[in-house]
Amino acid sequence: MVSYWQIFLIFAKIGAFTIGGGIPMIAAIKSELVSRGWLKDEDFLDIITLAQSAPGLFAVNIAILTGYKLKGAKGSLTATIASCLPPFTILLLIAMFFTEFKDNEFVIRAFKGIRPVVVALIGVPMIDMIKATKMRWWSWLVWLSSMILVCFLKVSP
């Protein structure tokens, strides 16, 4: 059985070490929770689908739904607080000291170096979810057509 403390530690770790919001969190959450046997792949896909369709921040929605699946309302609260606390603390510290370091060449290079990592953190879970959905040829056609319309022909989603 999963304890509240375990939920807190897992989500605090995920919140502290994922950069870029909810989508990069997908790989970390899947790695932590599915590999431990706390969630099944199907449950995880359901949570991602619900989190994306619900209003609010994607990362918070994932934490709420995952915590609820594991331990009910208290698990939901625990996961949410744990996933929000580290980024809040880090951003607070950055806001306090960033003006002193914003023009530092090392800081500028570090932020430029983080960009490809964020792209990979977003790309890998997307590929995993595409594989898990087992899309048919017509689904790919709809997806590709939508992407072309939105990206290249500037049709509003």
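Select Asn 61 to begin: its relative accessibility is 8%, so Asn 61 counts as buried. Buried means under 20% relative accessible area, exposed means over 50%, and partly exposed lies in between (1.4 Å probe, protein chains only). This is a predicted model, in which local features need pLDDT of at least 70 and side-chain atom pairs count only at pLDDT 80 or more, while totals for chains, interfaces and linings use all residues. Residues are numbered from 1 along each chain as its sequence is written, and side-chain values use heavy atoms, with hydrogens and water left out.

**Stop 1: around Asn 61**

Keep Asn 61 selected. Its helix is H4, residues 58-101. Contact means heavy atoms within 4.5 Å.

**Stop 2: the whole chain**

Zoom out and colour by secondary structure. From the N terminus on, the order reads α-α-α-α-α-α. Helices (H or I, at least four residues) and strands (E, at least two) are DSSP runs, numbered from the N terminus.

The C-alpha trace spans about 50 × 45 × 25 Å along its principal axes. Of the 157 residues in the chain, 27% are buried. Consider the contacts with a separation of 6 or more: residues 24 or more positions apart account for 53% of them.

The accessible surface comes to about 10700 Å², and carbon and sulfur atoms hold 71% of that. Accessible areas come from the Shrake-Rupley method with a 1.4 Å probe; for residues, only the protein chains shown count as cover.

Next, colour by charge. The chain carries 15 positive and 9 negative side chains, and the centres of the two sets are 3 Å apart. Lys and Arg count as positive, Asp and Glu as negative; His and the chain ends are not counted. Each charge is placed at NZ of Lys, CZ of Arg, CG of Asp or CD of Glu.

**Stop 3: a pocket**

Select Met 126, Met 129, Ile 130, Thr 133, Met 135, Trp 140 and Trp 143. These residues line the second largest pocket. Helix H5 (105-133) and helix H6 (137-151) are the elements that each give two or more residues to this lining. H5 gives the most, with four residues. The volume of the second largest pocket is about 160 Å³.

A pocket is an open set of points on a 1 Å grid over the protein atoms alone, where a 1.4 Å probe fits, with protein on both sides within 12 Å along at least five of seven lines; lining residues have an atom within 4 Å of a point. Grid points are joined across faces, edges and corners, and a volume is the space filled by probe spheres set on the points.

**Stop 4: Ile 114**

Stay on H5 and pick Ile 114. Its relative accessible area is 27%, so Ile 114 is partly exposed. Then pick Ile 19. Ile 114 and Ile 19 are 95 residues apart in sequence, yet 8.4 Å apart in space, C-alpha to C-alpha.

**Stop 5: the two ends**

Go to Met 1, in the segment before helix H1 (4-17). Met 1 is exposed, at 88% relative accessible area. Leaving aside neighbours within four places in sequence, Met 1 is in contact with Gln 6 and Lys 71.

Finish at Lys 154, in the segment after H6. Lys 154 is exposed, with a relative accessible area of 68%. Check its backbone: phi of Lys 154 is near 60°, a positive value in a residue other than glycine. Most residues other than glycine have a negative phi.
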